[in-house]
Amino acid sequence: MTNVLVVEDNLLNWKVFEKVLTKLGGFAAQLSEDVETIIEIVKANKADIILMDICLENSYYNGKPINGIEITKLLKANPHTAKVPIMLVTAIGTAKDSEHYMELSGADGFMGKPIVDHQVFISEIKSLIFANE
């Protein structure tokens, strides 16, 4: 089964992601906003892909606030976690901004929130996983 790690600070968004990922995608989904936990999950090969919210109000690393762009940079800079695909999923910005956010963070994909077409969302996730196998 494909494991999806969702980095999200909004409980309502998490519930929507969980439902779409498990019911439509057949994935196993887990949630974390704690950077240390995220890194450990990825290092232990317990995530096949990460869905990363950009704006995280409750995430800290080394005692300082951190957002999804910075977490993605950390993961992509670490040789133990760099190969796991990361899709930025955010309500900020436009499709035009997606290239900027991906270049800035090193992410592999981008999807705006709210997720309108669930099938396209699932297809994008599968294609990112397949591309990194």
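Me: What does buried mean here?
Reply: A residue is buried when its relative accessible area is under 20%. The model is a predicted one.

Me: Why is D53 counted as buried?
Reply: The relative accessibility of D53 is 6%. The cut-off for buried is under 20%, so D53 counts as buried.

Me: Where does D53 lie, and what does D53 touch?
Reply: D53 is in the loop between β3 (49–52) and β4 (60–61). Leaving aside residues up to four places away in sequence, D53 touches V7, E8, D9, G68, V89, T90 and K113. To touch, in this sense, is to have heavy atoms within 4.5 Å.

Me: How many residues of the protein chain count as buried?
Reply: Of its 133 residues, 41% do.

Me: What secondary structure does the protein chain have?
Reply: There are five helices and seven strands. Their pattern along the sequence is β-α-β-α-β-β-β-α-β-α-β-α.

Me: Which share of the contacts in the protein chain joins residues at least 24 apart?
Reply: The share is 64%, taken among contacts between residues at least 6 apart in sequence.

Me: How many side chains are positive and how many negative?
Reply: The protein chain has 12 positive and 18 negative side chains. The centres of the two sets are 3 Å apart.

Technical notes
Residues are numbered from 1 along each chain as its sequence is written. This is a predicted model: local features need pLDDT of at least 70, side-chain atom pairs count only at pLDDT 80 or more; totals for chains, interfaces and linings use all residues. Side-chain values use heavy atoms; hydrogens and water are left out. Helices (H or I, at least four residues) and strands (E, at least two) are DSSP runs, numbered from the N terminus. Buried means under 20% relative accessible area, exposed over 50%, partly exposed in between (1.4 Å probe, protein chains only). Lys and Arg count as positive and Asp and Glu as negative; His and the chain ends are not counted. The place of a charge is taken as NZ of Lys, CZ of Arg, CG of Asp or CD of Glu.
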